[in-house]
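I opened my notebook to go through this chain, starting with the whole fold and then stopping at a few residues. Have a look along with me.

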Amino acid sequence: MIYKKKRKSTAGKRANTSRVTMISHRAKKIRKKNEAWTKAIQRATKELKKEGKL
């Protein structure tokens with residue numbers, strides 16, 4: 001019986017995943033009370049870009 005090898009995720013996918021994780025962690029920290037999640041994500045992205053982490 002021949003088994004299929006499980007393929008690892010591509011480098012690009014991995015890079016994007018870590019980027020998204022970084023943004024959402026920051027958004028969670030800086031989110032204001034009753035603020036929309038998308039707004040928090042936008043602010044977090046801006047902050048990270050300013051810091052040069054993205």
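**Entry 1: the whole chain**

How many helices and how many strands does the chain have? I counted 2 helices and 0 strands. I keep in mind that this is a predicted model.

Next I looked up how spread out the chain is. Its radius of gyration is 16 Å, while the globule rule gives 10 Å for 54 residues, so the chain is more spread out than a compact globule. I also noted the box filled by the C-alpha atoms, which is roughly 55 × 25 × 15 Å along the principal axes.

**Entry 2: surface and contacts**

What share of the residues is buried? I found 15% of the 54 residues in the chain.

**Entry 3: Thr-45**

I picked Thr-45, which sits in helix α2, residues 37-51. Is Thr-45 buried or exposed? Its relative accessible area is 16%, and because the cut-off for buried is under 20%, I put Thr-45 down as buried.

Which residues does Thr-45 touch, leaving aside those up to four places away in sequence? I wrote down Ile-23 and Leu-54. I also checked the side chain of Thr-45: one of its polar atoms lies 2.7 Å from the backbone oxygen of Ile-41.

**Entry 4: Lys-29**

My next stop was Lys-29, in helix α1, which covers residues 11-30. Lys-29 has a relative accessible area of 73%, so it goes down as exposed, the cut-off being over 50%.

How far apart in space are Lys-29 and Asn-16? From C-alpha to C-alpha I got 20 Å, for two residues that are 13 apart in sequence.

**Entry 5: Asn-34**

Where is Asn-34 found? I located Asn-34 in the loop between α1 and α2.

**Entry 6: looking back**

Thr-45 in helix α2 is buried.

Definitions and conventions. Residues numbered from 1 in each chain as written. Predicted model: local features only at pLDDT ≥ 70, side-chain atom pairs only at ≥ 80, totals over all residues. Heavy atoms only, no water. Helix = DSSP H or I, 4+ residues; strand = E, 2+ residues; numbered from the N terminus. Rg over C-alpha atoms; globule rule 2.2 N^0.38 Å. Buried < 20%, exposed > 50% of the residue type's maximum accessible area, 1.4 Å probe, protein only. Polar contact = N/O pair within 3.5 Å; in protein donor to acceptor, adjacent residues only side chain to side chain. Contact = heavy atoms within 4.5 Å.
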